[in-house]
Amino acid sequence: MDLRLRLTIMRNFTKIFIMRIDIIAIFPEMFQGPFTESIIKRAVNKGIVDIQLHNLRDYSTDKHKKVDDYPFSAGAGMVMMIEPVDNCITHLKSQRDYDEVIYMSPDGELLNQPLCNRLSLKENLIILCGHYKGIDERIREHLVTMEVSIGDYVLSGGELGAAVLVDSLVRLIPGSIGDEESALSDSFQDGLVSPPVYTRPRNYKGWEVPEILLSGNDKLINDWKLEQSYLRTKERRPKMYEMLKKNV
Ligand code: ADE
C-alpha cells in the first residue's frame with residue numbers, strides 16, 4: 001500500500017498501527033543506546049512499536065551456551081550454528097505469524113528508501129544479526145526470507161545494521177514523528193534529496209540566509225526548494241537524477 005494512502009487511512013480510522021520487531025542477536029546490549037533515545041524511544045513508549053530483543057545464547061542447548069562452531073571446509077573464522085537460530089525462530093513463530101525473517105548481511109539487498117517504505121508496512125518482523133565469518137548457509141536457505149545490507153562494507157556484526165534498519169522503519173510508522181508529513185518529505189522519499197534548511201539568525205558572521213526564504217511568498221519559496229532539491233540530486237545522486245528524468 002502506498003505510504004500516503006496508509007497514513008490517510010490511519011488518520012481517518014484512528015486505528016493504532018503496531019509493528020512488532022523481534023531481534024535475534026549475540027550482543028543485544030548493543031541496542032541499548034539507539035533504542036532508548038529520540039524517536040524510537042518515543043514510539044516504544046507510545047506503544048506503536050514493540051521491539052523485543054532475544055539473546056541467541058538463550059536458545060543454545062550447549063552447556064556453555066555455544067552459538068558458533070568451526071566451518072566444515074578449511075578457512076579462517078567461526079560460523080554461526082543453525083540449531084540456536086532455529087530454536088529461537090521456531091519459538092517466535094509459535095506465538096505469531098511473521099511477514100519476514102530478515103538476515104542482516106553485507107551481501108543482502110541494499111537498504112534504500114523504497115525498501116524502508118515497503119518494510120514499514122509489515123506488521124511482524126524478525127531480524128537476525130549475524131556474527132563471525134557468517135551463518136550456516138542452511139539458515140539462509142530454510143529460515144530467512146530476505147537479506148538486507150546497509151551498505152557495501154563489512155561490519156563486525158549485524159547489530160549496528162539492524163539498529164539502522166529499525167530506525168529507518170520506525171520513523172515511517174504513523175504517530176512516531178510529531179508531524180507525519182515530515183517523514184514523507186525526507187530526502188529520497190520522492191526520489192529527490194532534501195533542499196537546504198536554515199534557522200535564525202538571518203545573518204551569522206556575514207553568512208546570509210537566502211533572501212527568498214524571508215520573502216513570505218509561499219509559492220516562490222516552494223519553487224525554490226524544489227529547484228534546490230533537483231540541483232542537489234543532480235550533483236550528489238546523479239543516477240537517481242537520471243531515473244527522475246526518465247519518469248517525468
Ligand atoms: N553485517 C556485516 N556487514 C553488514 C552490512 N554491511 N549490512 C548489514 N549487515 C551487516
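Where does Ile48 lie? Ile48 is in the loop between helix 3 (38–46) and strand 2 (49–55), in a model that is predicted. The protein chain has 248 residues, of which 42% are buried. Its secondary structure comes to 10 helices and 10 strands, and its C-alpha trace spans about 70 × 45 × 40 Å along the principal axes. The points below cover the ligand site, a surface patch, salt bridges, cysteines and backbone details.

**Ligand site**

- The residues around the ligand include Met104, Ser105 and Pro106.
- A polar backbone atom of Ile150 is 3.0 Å from a nitrogen atom of the ligand.
- For Tyr153, the distance from a polar backbone atom to a ligand nitrogen is 2.8 Å.
- Leu155 places a backbone N or O atom 3.0 Å from a nitrogen atom of the ligand.
- On its own the ligand has 260 Å² of accessible area, and the protein covers 96% of it.

**Nonpolar surface patch**

- Phe27, Met30, Tyr153, Leu155 and Leu160 make up a nonpolar patch on the surface.
- Together these residues have about 440 Å² of accessible area.
- Phe27 sits in the loop between strand 1 (19–25) and helix 2 (32–35).
- Phe27 counts as partly exposed because its relative accessibility is 35%.

**Salt bridges**

- Side chains of opposite charge can pair when their charged atoms come close.
- The count for this model is 11 salt bridges.
- Glu109 and Arg118 are joined through their side chains, with an N to O distance of 3.0 Å.
- Glu109 is partly exposed at 38% relative accessibility, and Arg118 is partly exposed at 44%.
- Asp136 and Arg138 form another salt bridge, in which the closest N and O atoms are 2.6 Å apart.
- Asp136 has a relative accessible area of 17%, so this residue is buried.
- Arg138 has a relative accessible area of 41%, so this residue is partly exposed.
- Glu137 and Arg140 meet in a salt bridge at 3.8 Å, N to O.
- Both Glu137 and Arg140 are in helix 6 (residues 137–142), where they are 3 residues apart, about one turn of the helix.
- Glu137 is partly exposed, with a relative accessible area of 43%.
- A network of salt bridges links Asp107, Glu137, Arg140 and Glu147.

**Cysteines**

- How many disulfides are counted? The count is 0 disulfides.
- Cys88 is in no disulfide, and the nearest cysteine sulfur, that of Cys129, is 11 Å away.
- Cys129 is likewise in no disulfide, with the sulfur of Cys88 as the nearest cysteine sulfur.
- A disulfide needs two cysteine sulfur atoms within 2.5 Å, and the sulfur of Cys129 is 11 Å from that of Cys88.
- Cys88 counts as buried because its relative accessibility is 0%.
- Cys129 also counts as buried, at 1% relative accessibility.

**Backbone details and loops**

- Ile48 is buried, with a relative accessible area of 6%.
- Between Ile48 and Asp69 there are 21 residues of separation in sequence and 38 Å in space, C-alpha to C-alpha.
- The peptide bond from Arg200 to Pro201 is cis, and its omega is near 5°.
- Pro201 is located in the loop between helix 8 (180–184) and strand 9 (203–204).
- Ser38 is a residue other than glycine with a positive phi, near 55°.
- Ser38 lies in helix 3 and is exposed, with a relative accessible area of 57%.
- Lys65 is not a glycine either, and its phi is positive at about 60°.
- Lys65 is in the loop between strand 2 and strand 3 (68–69), and this residue is partly exposed at 38% relative accessibility.

Key
Residues numbered from 1 in each chain as written. Predicted model: local features only at pLDDT ≥ 70, side-chain atom pairs only at ≥ 80, totals over all residues. Heavy atoms only, no water. Patch = residues over 30% accessible without salt bridge, like charges linked within 9 Å, V, L, I, M, F, W, Y side chains within 5 Å. Areas by Shrake-Rupley, 256 points an atom, 1.4 Å probe, with all protein chains shown as cover. Salt bridge = Lys/Arg side-chain N within 4 Å of Asp/Glu carboxyl O. Helix = DSSP H or I, 4+ residues; strand = E, 2+ residues; numbered from the N terminus. Buried < 20%, exposed > 50% of the residue type's maximum accessible area, 1.4 Å probe, protein only. Near = heavy atom within 4 Å. Polar contact = N/O pair within 3.5 Å; in protein donor to acceptor, adjacent residues only side chain to side chain.
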